[in-house]
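Subject: Structure handover

Hello,

Here is the structure I promised. Please open it alongside this email. My notes follow below.

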Amino acid sequence: MNALTPTVDPRRYFEQAAPQPAGVPTRKPVCLYLETTNRCNLLCTTCPRTYAELEPPADMSWELFTSIVDQIPDLERAVLHGVGEPMLVKDLPRMVRYLKDRGTYVLFNTNGTVLNDRNGRALIDAGLDELRVSLDAANAKSYKAVRGKDYFGRILKNVRAFRALQEREGATNPRVSAWLTGLKETVAELPAFVQVAADIGVKEVYLQRLVFFETDSIGLARPDQALYEQINADEAVHIAEATRIAHEKGMIFSASGAASEPGMSLKRADDGTPWSLCRRPWTVMYVTANGRALPCCIAPFSQRGYENYTLGDATQQTLREIWDGPAYQDFREALLSPTPPSACASCGLRWSL
């Protein structure tokens with residue numbers, strides 16, 4: 001069966017079902033991660049795509065995108081990023097508008113390198129709700145060390161111009177935020193990072209938890225670079241100073257990671273099985289640019305090899321077939337057990353739920 005030509009009305013795929021065993025969801029996904037592209041113009045030292053081809057290079061086709069979205073017409077939330085840079089996709093504003101016409105909350109992360117006037121206006125006109133700029137450094141030297149290319153000045157110029165455009169035209173959306181991945185290497189720059197954000201007109205700053213492979217680590221995505229449960233007194237001072245600066249400037253600042261998935265960043269369990277608190281496999285579906293269904297956006301960063309946690313193929317199956325299928329059911333059952341899927345085993349222990 002091909003999902004692009006479903007044999008039944010897509011609106012009926014996710015009718016409310018009777019109570020099911022733990023591995024079977026009783027409701028449709030409330031959030032879709034749609035990897036609009038796996039192409040990128042940076043070489044980030046915290047990203048696996050810098051070091052290996054995860055899937056064949058692709059932009060998600062308009063046909064695949066609409067076939068997925070049409071199967072959940074009352075979708076609450078859509079995240080239009082994965083391992084690539086969404087603003088490289090020609091159809092991105094059209095995708096945003098297609099979702100907004102259905103009442104969906106839409107956001108994505110961008111590196112900001114191609115956020116020019118034309119692209120910015122298109123996103124405003126499309127109704128984008130939230131634009132997250134992954135900047136990861138407070139100066140050009142650190143930026144190049146973390147993100148692989150010398151685009152720091154360009155990004156600041158682009159974001160400043162975009163915020164000025166919003167101010168001139170009274171556009172409250174998208175909300176714009178700046179993000180820094182928490183690294184031992186750069187945490188000292190956090191107060192300066194808040195100041196940089198303020199200087200370019202960004203009113204929200206977030207410290208994002210590092211995700212890394214447990215073995216055979218890549219670049220700066222290493223266990224020794226993580227802050228979670230390894231923060232020392234000096235690093236705590238940097239976070240406190242960033243908090244103070246943000247408060248003085250009337251900015252939002254969070255170092256908890258809670259903003260990455262509202263309502264899903266949960267308190268760590270005390271029983272040694274924090275992964276069991278995760279409800280992403282019951283609420284979220286991630287689809288790559290090639291149509292591969294994955295459990296969440298963290299999996300590609302925590303375990304090598306998509307084949308280890310592929311749960312379906314949206315080019316060959318309906319979302320209902322994937323969501324209720326044996327691979328997803330087995331994945332959910334394992335997540336509730338003492339021996340979770342390998343991609344989940346450190347979640348909540350070393351990075352955020």
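Over residues 257-266, where pLDDT stays under 50, how many contacts beyond four places in sequence does the model have? It has 23. pLDDT is the predictor's confidence in each residue, from 0 to 100, and a contact means heavy atoms within 4.5 Å. Residues 15-19 also stay under 50, with 6 such contacts. Where pLDDT is low, the predicted coordinates should not be read in detail.

Some ground rules. This is a predicted model: local features need pLDDT of at least 70, side-chain atom pairs count only at pLDDT 80 or more, and totals for chains, interfaces and linings use all residues. Numbering runs from 1 along each chain as its sequence is written, and side-chain values use heavy atoms, with hydrogens and water left out.

Overall picture
The average pLDDT is 88, and 88% of the residues score at least 70. The protein has 353 residues, and 54% of them count as buried. Buried means under 20% relative accessible area, exposed over 50%, and partly exposed in between (1.4 Å probe, protein chains only). There are 11 helices and 10 strands. These are DSSP runs, numbered from the N terminus: helices are H or I with at least four residues, strands are E with at least two. Among contacts between residues at least 6 apart in sequence, 73% join residues at least 24 apart.

The sheet
An open sheet holds 10 strands in the order S7-S6-S5-S4-S3-S2-S1-S8-S9-S10, with mixed pairing. Its edges are S7 (252-254) and S10 (312-313), each pairing on one side only. Two strands pair if DSSP finds at least two bridges between them. S2 (residues 77-79) and S3 (residues 105-110) run parallel, joined by 3 bridges. There, arginine 77 stands opposite tyrosine 105.

Helices H5 and H6
H5 (residues 152-169) lies across S4 (130-134) and S5 (175-181), at about 155 degrees to S5. Axes are lines fitted to C-alpha atoms, for helices over the stretch in contact, and angles run from 0 to 180 degrees between N-to-C directions. In H6 (residues 190-199), the buried residues are Leu190, Pro191, Phe193, Val194, Val196 and Ala197. Their cover includes H5, S5, S6 (204-208), H7 (233-248) and S7. Just after H6, glycine 201 takes a positive phi of about 90 degrees.

Two side chains to look at
Serine 302 lies in H9 (residues 299-302). It is buried, at 8% relative accessible area. A polar atom of its side chain lies 2.9 Å from the backbone oxygen of alanine 343. Beyond four places in sequence, serine 302 touches Val211, Phe212, Phe213, Ala343 and Trp351.

Threonine 283 is in H8 (residues 280-283). It counts as buried at 16% relative accessibility. A polar atom of its side chain lies 2.9 Å from the backbone oxygen of arginine 279. Threonine 283 and valine 30 are 253 residues apart in sequence, yet 5.4 Å apart in space, C-alpha to C-alpha.

Aromatic pairs
Rings of Phe, Tyr and Trp (its six-membered ring) pair if their centres lie within 6.5 Å; planes under 30 degrees apart count as stacked, over 60 as edge-to-face and the rest as tilted. The count comes to 8 pairs. One of them, tyrosine 306 with tyrosine 309, is tilted: 5.9 Å centre to centre, 55 degrees between the planes. Tyrosine 306 is buried at 5% relative accessible area, and tyrosine 309 is buried at 1%. Trp62, Phe65 and Tyr98 form one aromatic cluster.

Best wishes

How values were computed: Polar contact = N/O pair within 3.5 Å; in protein donor to acceptor, adjacent residues only side chain to side chain.
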